[in-house]
Amino acid sequence: MTKIIFALLLLTGTTLRGNPKIYLIRHAAVDLKKPGWGTSKKTMEYKETYNVAGIKAFDPDKVLRRIKNHESLDTVFCSPQSRALKTGEILFGQHAVLKADSVLTELDYPVIPVPVLQFPVKGWLFFSRISWMAGINPGEKNGYRERLKELNVFTDELVKFALQNDLAVVVAHGVLNRELIRILKVRGWKYCRKGKEGLGNLSVNCLEKF
């Protein structure tokens, strides 16, 4: 009976591999001094500096140990922003191609322009992002709804890759990874056992399809 089952598996192309998994990695910490308090203008300047700053050194092995079968990867999806690309190069540059995709750029939003008022820069960023997502701080770039549409299209490709290869990895950003997690969960993907790590720097969130 065992031989018959094995033969059927070979004929159908089915294997005894585990459930397909998708790993979402947030980039390493940016090498930039904490901004403290400031005006909306200072917040805009900090945001621009953050987008081009380098990353702090980290131990790639600590990250890779959390990704099952990472040695089999030949392609890694990655944000084109420097902090994500550099993180991806350190983690996978030796054996995988980084497939940079502009859709994985961190969700970008304008800072609310309120002159003179002093406020923690992190607070400026938080309220600016929330108001952008609510549609009351649209700015000149793509709005929140447009970005979600783009991410849904990208998720089609990501899921297809994961189902074909049993494994897919994305190196991107905190807010963007959160949106990808939401989209994947709507599509029936669930956190792997001990696969929920939050959205801090170098977090590795694992989702799988049952």
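Q: Which helix holds isoleucine 130?
A: This is a predicted model. In it, isoleucine 130 sits in helix H5, which covers residues 121–133.

Q: Why is isoleucine 130 called partly exposed?
A: Its relative accessibility is 39%. Buried means under 20% and exposed means over 50%, with partly exposed in between. The value 39% falls in between, so isoleucine 130 counts as partly exposed.

Q: What makes Phe126, Phe127 and Ile130 a patch?
A: Patch residues need over 30% relative accessible area and no salt bridge, and nonpolar side chains are joined within 5 Å. Phe126, Phe127 and Ile130 form such a nonpolar patch on the surface. Together they have about 280 Å² of accessible area.

Q: How do you know that glutamate 197 and arginine 66 form a salt bridge?
A: The rule asks for a side-chain nitrogen of Lys or Arg within 4 Å of a carboxyl oxygen of Asp or Glu. Here the N to O distance is 2.8 Å, so the pair counts as a salt bridge. Glutamate 197 lies in the loop between strands E7 and E8, and arginine 66 in the loop between helix H3 and strand E3, so the pair ties together parts that are 131 residues apart in sequence.

Q: Are glutamate 197 and arginine 66 buried or partly exposed?
A: Glutamate 197 has 34% relative accessibility, so it is partly exposed. Arginine 66 has 32%, so it is partly exposed too.

Q: What makes glutamate 150 and arginine 147 a salt bridge?
A: Their N to O distance is 3.1 Å. The limit is 4 Å, so the pair passes. Both residues lie in helix H6, 3 residues apart, about one turn of the helix.

Q: Why is arginine 147 called buried?
A: Its relative accessible area is 8%. Buried means under 20%, so arginine 147 is buried. Glutamate 150, at 30%, counts as partly exposed.

Q: How do you know that glutamate 179 and arginine 182 form a salt bridge?
A: The N to O distance is 3.5 Å, which is within 4 Å, so the pair counts. Both lie in helix H7, about one turn apart. Arg178, Glu179 and Arg182 are linked in a network of salt bridges.

Q: Which label does glutamate 179 get, buried or exposed?
A: At 2% relative accessibility, glutamate 179 counts as buried. Arginine 182, at 44%, counts as partly exposed.

Q: How many salt bridges does the rule give?
A: The count comes to 8.

Technical notes: Residues numbered from 1 in each chain as written. Predicted model: local features only at pLDDT ≥ 70, side-chain atom pairs only at ≥ 80, totals over all residues. Heavy atoms only, no water. Patch = residues over 30% accessible without salt bridge, like charges linked within 9 Å, V, L, I, M, F, W, Y side chains within 5 Å. Areas by Shrake-Rupley, 256 points an atom, 1.4 Å probe, with all protein chains shown as cover. Helix = DSSP H or I, 4+ residues; strand = E, 2+ residues; numbered from the N terminus. Buried < 20%, exposed > 50% of the residue type's maximum accessible area, 1.4 Å probe, protein only.
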